[in-house]
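Please consult the sequence and the coordinates alongside the text.

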Amino acid sequence: MRVAVVEPEARGGLIQYAYQLARGMASDGARVTLVTGRGPEIRDPDPSVRLVPLLELWDPKPGTEEGGTGGSALPRRLARGARYVREWVRLVRWLETQRFDVIQLGDLRFGIELPFLIRLRRSRALLSDICHNVIPFSVREGSFRSRPLIRLLYRWIYRLFDTVFVHFESNRERFLATYGLPEDRVRAIPMGEGSLFRELRDPELEASSLRESHDLPGSGPVILLFGTLSPYKGVDLLLEAFARISDRHPEARLVVAGYPLPGFDISEMRRRTEELGLSGRVRFLPRYLPAPEVGPWMEMVSVAVFPYRESFQSAAVQVPLAFEVPVVATDVGAMEEALAHGEAGVLVPSDDAEALAEALGNLLSRPEVAAELGRRGRRIAEERFSWERIGAMVCRRYRELLISGSRRKGGAA
């Protein structure tokens, strides 16, 4: 079974996800080709996965702070739009010259993709999608787009696929309620574990050097929020919670790291830090953390925190689990399932600074409890969320469709 996994973004969580899933499918016997952008972050891929850096797009995760409230200028957006269309034309033409049994796509963000999906629909291959966000996320707006016209457009888009995968059962139920697809066409799979970051770790970068370069005490606890910074990530809530425990834990430091998207006002967050009396206690690192750098960060972190106000799931949550770092997260979307109903991390109500502060304070005050939570989190992630298991689930679905010959019938309804 020949599978094309298409992920245009060559850096960041989406290509990391696509690569790990591709490896999982390859371990189940599939011949997998990962098609992505030029200069992929995965430099030395597993030989079981064929890597094709075909697309010439822009860097989705710049190493410098380019986000903020202003968004992209109109000329740049128009130029990128034209470039995106050009590369989709190239992608479709290339796929049509190959003989894939399955073409698997990922996050669908733009309506302009619709005519290309219709074109791919005419090919002999099964057409599949991994839906990361039930409600599409707009990078330009920094938010989820739930307008009726958007839902109508994506209802049309998803009906072109023979099968769609979403992460966890709660998201599957919401997807079905939103888009009205036949139930047997939508399957739930877990979000996979984060051991890739142990493999990609920069062996020359030490956690101690990160502490020194970011003016962090040599032995004090560090609380970390990392990942793309958007308004829904709850950074303001985290600042409020950290202020409530700062007197009890004067040695603790908070680090907020990630590339800021439009809509996330980092100047406002810095101003709020000063208002709360946290100057010198909070570090902002407004840039993308390259994969080789993630491991050293995890090795010095005491607690990883994800105070999201809304989300469907988060691949970032699985990363600290791979390093036995305890996790505190708000109970939104499928976060409960991602943390095994609280077994692999601490869940608190969303938008509740007091509950968040209590959870963080408890883990800082009881390091033995935090350590046990971290060990349990890694064990659960490796047992329940392995990529081999997920790859087998996906491949089993593809084989069912190929054997039954239901490809044409499946995508037409």
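## Basis and a buried loop residue

Ala344 counts as buried because its relative accessibility is 1%, where buried means under 20% relative accessible area, exposed over 50% and partly exposed in between (1.4 Å probe, protein chains only). This residue lies in the loop between helix H12 (335-338) and strand E15 (346-348); helices (H or I, at least four residues) and strands (E, at least two) are DSSP runs numbered from the N terminus. Once neighbours within four places in sequence are set aside, Ala344 is in contact with Leu321, Leu339, Leu373, Gly377 and Ile380, contact being heavy atoms within 4.5 Å. Ile380 is 36 residues from Ala344 in sequence, and their C-alpha atoms are 6.6 Å apart.

The model is predicted: local features need pLDDT of at least 70 and side-chain atom pairs count only at pLDDT 80 or more, while totals for chains, interfaces and linings use all residues. Residues are numbered from 1 along each chain as its sequence is written, and side-chain values use heavy atoms, with hydrogens and water left out.

## The seven-stranded sheet

An open sheet is formed by 7 strands in the order E3-E2-E1-E4-E5-E8-E9, with parallel pairing; two strands pair if DSSP finds at least two bridges between them. Its edges are strand E3 (49-55) and strand E9 (186-189), each of which pairs on one side only. On average, neighbouring strands of this sheet are turned by 25 degrees against each other, direction ignored. Axes here are lines fitted to C-alpha atoms, for helices over the stretch in contact, and angles run from 0 to 180 degrees between N-to-C directions.

Within the sheet, strand E1 (residues 2-6) and strand E4 (residues 102-105) pair in the parallel sense over 3 bridges. Val3 stands opposite Val102 in E4. Also in E4 is Ile103, which counts as buried because its relative accessibility is 4%. Beyond four places in sequence, Ile103 is in contact with Ala4, Val6, Leu95, Leu120, Ser123, Ala125, Leu126, Leu127 and Ser128.

Helix H1 (residues 13-27) has 15 residues and spans 21 Å from its first C-alpha to its last, close to the expected 21 Å; the expected span is 1.5 Å times one less than the number of residues. H1 is mostly covered, with 13 of its 15 residues buried. Just after H1, Gly29 adopts a positive phi of about 105 degrees.

Helix H3 (residues 114-121) contains Arg121. Arg121 counts as buried because its relative accessibility is 10%. Its side chain reaches the backbone oxygen of Leu160 at 3.1 Å.

## Strands E11 and E12

Strand E11 (residues 253-257) and E12 run parallel and are joined by 4 bridges. The chain crosses from E11 through helix H9 (residues 266-275) to E12 in a right-handed β-α-β crossover.

Which residues of E12 are buried on each side of the strand? Val282 and Phe284 are buried on one side of E12 (residues 282-285), and Arg283 and Leu285 on the other, so that both faces are covered. Val256 stands opposite Phe284 in E12.

How values were computed. Polar contact = N/O pair within 3.5 Å; in protein donor to acceptor, adjacent residues only side chain to side chain. Right-handed = clockwise from strand over helix to strand, strands pointing away.
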